[in-house]
Amino acid sequence: MQAVLFDLDGTLVDTAPDLGYALNLQRARHGLPFLDDEIIRPYASHGSRGLLAIGFGLQPADADFDAMREEYLALYTEVMTRQPVLFEGMSETLEAIEQRGLRWGIVTNKPRRFTLPIVEVLGLSGRAVAVVSGDDAPQPKPSPQTLFLACERMQLEPQQAIYLGDAERDVQAGQAAGMTTLVALFGYLSDEDQPLQWGANACIAHPQELLHYL
């Protein structure tokens, strides 16, 4: 193994407070009360589609979905760097990876206009060897295209990398790319998720468990 690639939301960085805050601002705009963070958190990895589903009961086929999505993204743009933090133990994990002479990067379905400011505010832009967003390739995860792009930028073969994520599409993309795939059980998993059935190589409950696979 030469490198580790991380999903962003729910794996490397806890962005749920800001994602949820934007949703609650939108709910307030439409005369609805704030939802508790515990209700929103399991849906934070599912992007605006999942958040609008839990916040407004909206589905992509609904007539006003696109307008509500644009409204949500505009609100999120205003608050996305409010309080993102690395998950507990992740800072030490990144340092350990670097101390071993290995490299790490980020592959997320989050659009680049949101990804880069968050990576920058956390001071990670100079450390991540590759940062690939969902709109950097023709197809985001579960397609392996963004993972292949990250490997190309890092000049390594997919078989030389581990991919860690907290959603089934992360495992699907990693497997399609031929990578070792791990599930972050500390991420944004809902009661409906069944990570043990996703077919990953392993599931980890704490970021530092990742080091066992290097």
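Residues are numbered from 1 along each chain as its sequence is written. In this predicted model, local features need pLDDT of at least 70, side-chain atom pairs count only at pLDDT 80 or more, totals for chains, interfaces and linings use all residues, and side-chain values use heavy atoms, with hydrogens and water left out.

Student: How much space lies in the largest pocket?
Tutor: Rolling a probe the size of a water molecule over the atoms shows where empty space is left. On a 1 Å grid over the protein atoms alone, a pocket is an open set of points where a 1.4 Å probe fits, with protein on both sides within 12 Å along at least five of seven lines. Its volume is the space filled by probe spheres set on the points, which are joined across faces, edges and corners. For the largest pocket that comes to about 640 Å³.

Student: Which helix gives the largest share of the lining of the largest pocket?
Tutor: Lining residues have an atom within 4 Å of a point. There are 27 of them, and H46, G47, S48, N109 and P111 lie nearest the centre. Helices are DSSP runs (H or I, at least four residues), numbered from the N terminus, and both α3 (47-56) and α4 (65-79) supply at least two lining residues. The largest share, five residues, comes from α4.

Student: How many residues of that lining are charged?
Tutor: Asp, Glu, Lys and Arg count as charged; Ala, Val, Leu, Ile, Met, Phe, Trp, Tyr, Cys and Pro count as nonpolar; the others, Gly among them, are polar. The lining has twelve nonpolar and seven polar residues, and its charged residues number eight.

Student: Which residue forms a salt bridge with D9?
Tutor: A salt bridge is a side-chain nitrogen of Lys or Arg within 4 Å of a carboxyl oxygen of Asp or Glu. The whole structure has nine. In the one with D9, the closest N and O atoms are 3.0 Å apart, and the partner is K110. D9 sits in the loop between β1 (3-6) and β2 (13-14), and 101 residues away, in the loop between β4 (103-107) and α6 (112-121), is K110.

Student: E71 and R29 also meet in a salt bridge. Why does R29 count as exposed?
Tutor: Buried means under 20% relative accessible area, exposed over 50%, partly exposed in between (1.4 Å probe, protein chains only). E71 counts as buried because its relative accessibility is 19%. R29 counts as exposed because its value is 52%.

Student: How far apart are the closest N and O atoms of R127 and E98?
Tutor: R127 is partly exposed, at 29% relative accessibility. E98 is partly exposed too, at 32%. They form a salt bridge, and its closest N and O atoms are apart by 2.9 Å.

Student: Is β4 largely enclosed or open?
Tutor: Strands are DSSP runs too (E, at least two residues). Four of the five residues of β4 are buried, so this strand is largely enclosed.

Student: Which residue of β5 is the bridge partner of V107?
Tutor: Two strands pair if DSSP finds at least two bridges between them. β1 and β4 run parallel, joined by four bridges. β4 and β5 also pair in the parallel sense, over two bridges. In β5, the partner of V107 is V132.
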